[in-house]
Protein chains: 2
Amino acid sequence: MGKGELTRRSILDHAVGLASQIGLEGLSIGRLSEELELSKSGLFAHFKSKEALQVDVLRHAALRFVEAVVRPALKAPRGEPRLRALFERWLDWARGRALPGGCLFVAAATELDDKTGPVRDQLVRSQREWLEFIAGAVRLGVDEGHFRRDIDAVQLAHDLYGVMLAWNHAARLMRDPKADRRARAAFENLLVAARVRRRRTA
Amino acid sequence: MGKGELTRRSILDHAVGLASQIGLEGLSIGRLSEELELSKSGLFAHFKSKEALQVDVLRHAALRFVEAVVRPALKAPRGEPRLRALFERWLDWARGRALPGGCLFVAAATELDDKTGPVRDQLVRSQREWLEFIAGAVRLGVDEGHFRRDIDAVQLAHDLYGVMLAWNHAARLMRDPKADRRARAAFENLLVAARVRRRRTA
């Protein structure tokens with residue numbers, strides 16, 4: 001990795017943190033140049049436009065999400081343990097352990113849902129990949145015999161997303177001290193419904 | 001109701017629709033004066049500041065939510081039928097039947113969650129009232145014998161909020177044609193877990 005690439009990454013790290021706080025729309029090359037005390041022309045050499053910067057920030061945030069959430073969870077055994085690890089890591093991510101302003105994707109979703117263009121497309125692409133990844137983890141749970149054969153893995157991924165969005169609303173807006181407990185209870189209810197019901201047939 | 005009050009209401013109706021599209025932060029007396037072709041000074045007479053305007057817009061949106069969602073649902077019988085009516089009306093509201101840009105509260109939640117002040121306080125107050133109203137509807141379902149006595153009504157209200165946020169994400173950002181079906185499936189799963197389990201004891 002050359003010096004240029006290292007500089008670019010450290011700029012993007014800062015930009016991702018900033019975007020999590022002020023929103024993707026507030027992020028501009030001008031603002032970033034003030035924050036980092038770098039020349040605008042230098043930043044323009046790395047990012048051709050505000051839009052290109054926003055796309056790169058979303059891409060970089062997705063890489064950091066993979067590093068913080070997906071990669072460590074892959075160490076857990078397939079099936080329910082891995083789904084649990086993904087959920088707990090995701091909760092950590094949303095709590096802002098990695099980003100000061102909390103989950104950039106949640107904020108960007110409501111910022112961009114009425115818009116069109118490459119920034120929105122990048123967000124949709126990364127969100128789709130993540131939902132498909134969760135559905136894949138659910139299917140591995142079926143193969144492992146943890147979850148019912150007739151489970152709708154895409155529905156469970158969708159529902160899990162709802163659990164995280166509700167956590168976000170409860171914790172960040174409502175400052176509900178029970179937000180974690182509520183999210184875990186909702187997750188456990190989804191698992192109960194997903195599991196092979198051994199006890200009834202026993 | 002005097003002429004001044006009627007004018008104020010029609011201004012707020014427009015402002016709520018505008019805020020649902022451009023966000024609460026984008027809403028200013030200047031922008032509103034351009035849109036409505038009214039003088040800034042006239043608008044300042046109704047709303048003393050941008051902040052006061054934003055608070056009034058949130059208050060007015062809450063009134064419209066009550067008219068569009070709560071009041072019609074109160075005609076349904078207490079318990080599960082009323083909870084279903086609330087859910088379906090809420091889905092209609094989120095779909096933007098009432099507001100061009102979809103649910104103003106969802107967009108405002110991620111806009112305001114990092115902020116402090118009277119605008120955020122107004123949003124939190126109305127969200128708390130709504131969550132408590134849902135929990136109350138769940139408790140009526142317990143009284144009617146539809147739901148389990150040991151149900152956590154606050155948890156169910158929280159979970160239902162998550163179902164709506166997941167719908168919002170799926171429909172508005174991901175443009176998922178199955179968003180309605182996914183939301184209804186999630187809602188039915190919550191009801192299954194909430195119901196008195198007659199069959200097992202039979």
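Analyst: In this text a helix is a DSSP run of H or I with at least four residues, a strand is a DSSP run of E with at least two, and both are numbered from the N terminus. By that rule, chain A has ten helices and zero strands, and its elements run α-α-α-α-α-α-α-α-α-α from the N terminus on. The model is predicted: local features need pLDDT of at least 70 and side-chain atom pairs pLDDT 80 or more, while totals for chains, interfaces and linings use all residues. Residues are numbered from 1 along each chain as its sequence is written, and chains are lettered from A and ligands numbered from 1 in the order in which they are written.

User: Why is A:Asp13 called partly exposed?

Analyst: A residue is buried if 20 or more other C-beta atoms, placed from the backbone, lie within 10 Å of its own, exposed if 12 or fewer do, and partly exposed in between. A:Asp13 has 14 C-beta neighbours inside 10 Å, so it counts as partly exposed.

User: Why is B:Glu37 called exposed?

Analyst: B:Glu37 has 6 other C-beta atoms within 10 Å, so it is exposed. B:Glu37 sits in the loop between helix H2 (29-36) and helix H3 (40-46) of chain B. B:Glu37 is not a glycine, yet its phi is positive, at about 50 degrees.

User: What makes B:Arg175 exposed?

Analyst: B:Arg175 has 10 other C-beta atoms within 10 Å, and is therefore exposed. B:Arg175 lies in the loop between H8 and helix H9 (179-194) of chain B. B:Arg175 also has a positive phi of about 50 degrees without being a glycine.

User: What makes H6(A) largely enclosed by the rest of the structure?

Analyst: Nine of the nine residues of H6(A) are buried, so the helix is largely enclosed. Among them are A:Leu104, A:Phe105 and A:Glu111. The cover includes helix H1 (3-22), helix H4 (50-73), H7 and H8 of chain A, together with helix H6 (104-112) and H8 of chain B. For chain A as a whole, buried residues make up 42% of its 202 residues.

User: How do you know that the length of helix H9 of chain A agrees with its number of residues?

Analyst: The expected span is 1.5 Å times one less than the number of residues. The 16 residues of H9 (residues 179-194) should therefore span 22 Å, and the end C-alpha atoms are 23 Å apart, which agrees.

User: How many residues of chain A are in contact with chain B?

Analyst: Two residues are in contact if their C-beta atoms, placed from the backbone, lie within 7 Å. By that rule, 30 residues of chain A are in contact with 30 residues of chain B. H8(A) gives the most to this side of chain A, with twelve residues. By class, this side has 15 nonpolar, nine polar and six charged residues. Here Ala, Val, Leu, Ile, Met, Phe, Trp, Tyr, Cys and Pro count as nonpolar, Asp, Glu, Lys and Arg as charged, and the others, Gly among them, as polar.

User: Why are the two copies described as related by a two-fold rotation axis?

Analyst: The copies are superposed by least squares on the C-alpha atoms of residues with pLDDT of at least 70 in both. A rotation of 180 degrees with 0.0 Å of shift along its axis superposes chain A on chain B, with an RMSD of 0.0 Å. The copies are thus related as by a two-fold rotation axis. In chain A, the C-alpha nearest the axis belongs to A:Gly162, at 2.3 Å. The same surface serves both copies, as 100% of the contact residues of chain A recur in chain B.
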